[in-house]
Amino acid sequence: MEENCPPQRCSEWVFRDVPSDITIEVDGTTFLLHKFPLVSRSGRIRKLVADHRDSDISRIELVGLQGGADSFELAAQFCYGVNFEITPTNVAHLYCISDYLEMTEDYSKNNLFTRAEEYLETIVSKSLEMCVKVLQQCEKLLPLADELKIVQICIDSIASKACVEQIALSFSRLEYSNSGRLHMSKNQTNCESDWWIDDLSILGIDFYQRVVKAMKCRGVRPESIGSSLMNYAKKELLKKSKTDSISGHERVVVEAIISLLPIEKFAVPINFLFGLLRNAVIFDCAISCRLDLERRIGSQLDTASLDDLLIPSFRQAGDTLFDVDTVERILVNFSRSEDSEEDMDDFSLFESDNYPLSPSQTALFKVSKLVDNYLCEIAADANLKLNKFADVAEALPAHARTVHDGLYRAVDVYLKAHQHLTDSDRKKLCKLIDFQKLSQEAGAHAATNERLPLQSIVQVLYYEQTRLRNALFCSYQDEDPKNVNMQQSWRISSGALSAAISPRDNYASLRRENRELKLELARLRMRLNDLEKEHVSMKMNMERSGSRRFFDLFSKAVGKLFAHRNETKVTERTCDKHVS
């Protein structure tokens, strides 16, 4: 029978010379106390004793007491007049137990509830660290701590303190320039005002989520919010890696962090977004969370690296090594964001022939190289279907690639890894490449590539021959004014025809034509430099040799030139037949 008796607490602060006349039971723990000290401070115990005056009650069980036996012991000590210190670690318990026991000013002056409330409002609310400690204790006192507004007081104080710190730091960075104007100094970093980031990482996800939302409403910088999210995610998800077990807690954390991400671009680095995306797939987070991450990643994809795109596939066997579907959706989001930015561009930018590349164009060039490198990595996967490869390659607009060397290399790797492809599949794959946009080295490799279909090889030879002919024409023949006028009139007439289609399509076609012309001009300049070097070399040989030797060399060179021109004409007729 003695083993079933609840444990008793009877400390030195209880009157030992007076026998106990009431027993209080809290969560299986009994306290042998006296009625007078308790009823003089607690309205709840006074009512219970008064209701059972006839039966002379000697035992009371307190059910649903927030904080348990430890909180009640502190309240009992206060009733007995024992001095103890109110701290951030016990003020929330004292606040809740005093409310439960009705230890208010109605029953005793300067009662426990008043003291806890005063400490919370005058001491705790002035310190961010104390507020965080109180919130940590409130996690064990829900829902009463929320109903008594303890949680909201601490959250508002934390948000206010973080905002004030940043404002104060901003003012401290103001300084006068030589011209007498105020400007922001760049010597100090923003991290000086973000010392609270580590403090918030000890909170549970529910309270942390509420604190971050309050900070957003108060105007805390998006970069600071992003740094806090990264720090919190790192600590919470590292717990998962140490235990090697997947639970619902990690899913809740990832979904909460995704919902708290600032709407501003570049508030968090893109590698962190990719890390969240991987965890969202591992923990099977909601589809809406994954789509939101893909949209955010797409808006700043130009800052990503190849390692970021190589997302492992966590599906069943027989699937691709990397998650190609996710990358394809990210590319679609990127293309949509670029289209929306291009719609806002000023049309007058095109009027200047030397206008700088817009951010949209720069992003397109970076992403096109990134996608080509990604295609090279996944092309060797034996489970990668042709349609999926083509979908990723065509996810970007046609004008995104000024040079198709990277795409050609990816196609060549795919052909090498998938030798079972039919002729029709190989032709479909090679249609992704614009052989006219290959560099001289890539064109030379493609011309001898046995893995390419015959039709593609003929196209390569034709474009290379056309490029050589144009280079020779520009190098050795003076510019004819009639030809210039004819080219200008053709451009003007083609522009008028395209303008009749629609302003947006006309503008896009003009931009593409301008990019292609500039690229072709760069190629011709390179060819012209090569010819000039050959000319200088020939001139030096002429000066070293005698006149007779010079005439012999000159006659041989003229003979080779005419022979080369005849071969060129025959090759052009052959290529034209094949292409037609």
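## A loop between two strands

Asp27 is placed in the loop between β2 (22-26) and β3 (29-33). The model is predicted. In it, Asp27 has a positive phi of about 50°, although Asp27 is not a glycine. Most residues other than glycine have a negative phi. Asp27 is also exposed, because its relative accessible area is 56% and the cut-off for exposed is over 50%.

## Other backbone features

Glu102 also has a positive phi, near 60°, and is a residue other than glycine. Its place is in the loop between α4 and α5 (112-122). How exposed is Glu102? Glu102 is partly exposed, with a relative accessible area of 22%. Buried would require a value under 20%.

Most peptide bonds are trans. The bond from Leu142 to Pro143 is cis, with omega near 5°. Pro143 sits in the loop between α6 (128-138) and α7 (144-147).

## Helices α3 and α4

Two packed helices are described by the angle between their axes and the distance between the axes. Helix α3 covers residues 68-79, and helix α4 covers residues 91-100. They pack at an angle of about 75°, and their axes are 9 Å apart. That makes α3 roughly perpendicular to α4, because angles of 65 to 115 degrees fall in that class.

On the α3 side, the contact involves Ser71, Phe72, Leu74 and Ala75. On the α4 side, it involves His93, Leu94 and Ile97. By class, this contact of α3 with α4 has 5 nonpolar and 2 polar residues, and no charged ones.

A charge sits over a ring at Tyr100. The charged end of Arg44 lies over the Tyr100 ring, 4.1 Å from the ring centre.

The structure holds 5 aromatic pairs. One of them joins Tyr208 and Tyr232. How are these two rings arranged? They are stacked, at 4.0 Å centre to centre with 5° between the planes. Tyr208 lies in helix α10 (residues 205-218) and Tyr232 in helix α11 (residues 222-243), so the pair ties together parts that are 24 residues apart in sequence. Tyr208 and Tyr232 are both buried.

Helix α10 also packs with helix α12 (residues 248-260). Their axes come within 11 Å and cross at roughly 5°. That makes α10 roughly parallel to α12, because the angle is under 35 degrees. Tyr208 takes part in this contact as well, on the α10 side with Ile205, Gln209, Val212, Lys213 and Lys216. The α12 side supplies Val252, Val253, Ala256, Ser259 and Leu260. By class, the contact of α10 with α12 has 7 nonpolar, 2 polar and 2 charged residues.

## Helices α18 and α19

Phe389 and Tyr414 form another aromatic pair. This pair is tilted, at 4.9 Å centre to centre with 35° between the planes. Phe389 lies in helix α18 (residues 386-393) and Tyr414 in helix α19 (residues 405-417), so the pair ties together parts that are 25 residues apart in sequence. Are the two residues buried or exposed? Phe389 counts as buried, at 0% relative accessibility. Tyr414 is buried too, with a relative accessible area of 1%.

The axes of α18 and α19 come within 12 Å and cross at roughly 175°. That makes α18 roughly antiparallel to α19, because the angle is over 145 degrees. Leu386, Phe389 and Ala393 of α18 make the contact with Leu407, Ala410, Val411 and Tyr414 of α19.

## Ser368 in α17

Ser368 is found in helix α17 (residues 359-378). Ser368 is buried, because its relative accessible area is 6% and the cut-off for buried is under 20%. Which residues does Ser368 contact, leaving aside its neighbours within four places in sequence? They are Leu396, Ala400 and Arg401.

Methods. Residues are numbered from 1 along each chain as its sequence is written. This is a predicted model: local features need pLDDT of at least 70, side-chain atom pairs count only at pLDDT 80 or more; totals for chains, interfaces and linings use all residues. Side-chain values use heavy atoms; hydrogens and water are left out. Axes are lines fitted to C-alpha atoms, for helices over the stretch in contact, and angles run from 0 to 180 degrees between N-to-C directions. Helices (H or I, at least four residues) and strands (E, at least two) are DSSP runs, numbered from the N terminus. Contact means heavy atoms within 4.5 Å. Ala, Val, Leu, Ile, Met, Phe, Trp, Tyr, Cys and Pro count as nonpolar, Asp, Glu, Lys and Arg as charged, and the others, Gly among them, as polar. Rings of Phe, Tyr and Trp (its six-membered ring) pair if their centres lie within 6.5 Å; planes under 30 degrees apart count as stacked, over 60 as edge-to-face and the rest as tilted. Buried means under 20% relative accessible area, exposed over 50%, partly exposed in between (1.4 Å probe, protein chains only). A charge sits over a ring if NZ of Lys or CZ of Arg is within 6 Å of the ring centre and within 35 degrees of the ring normal.
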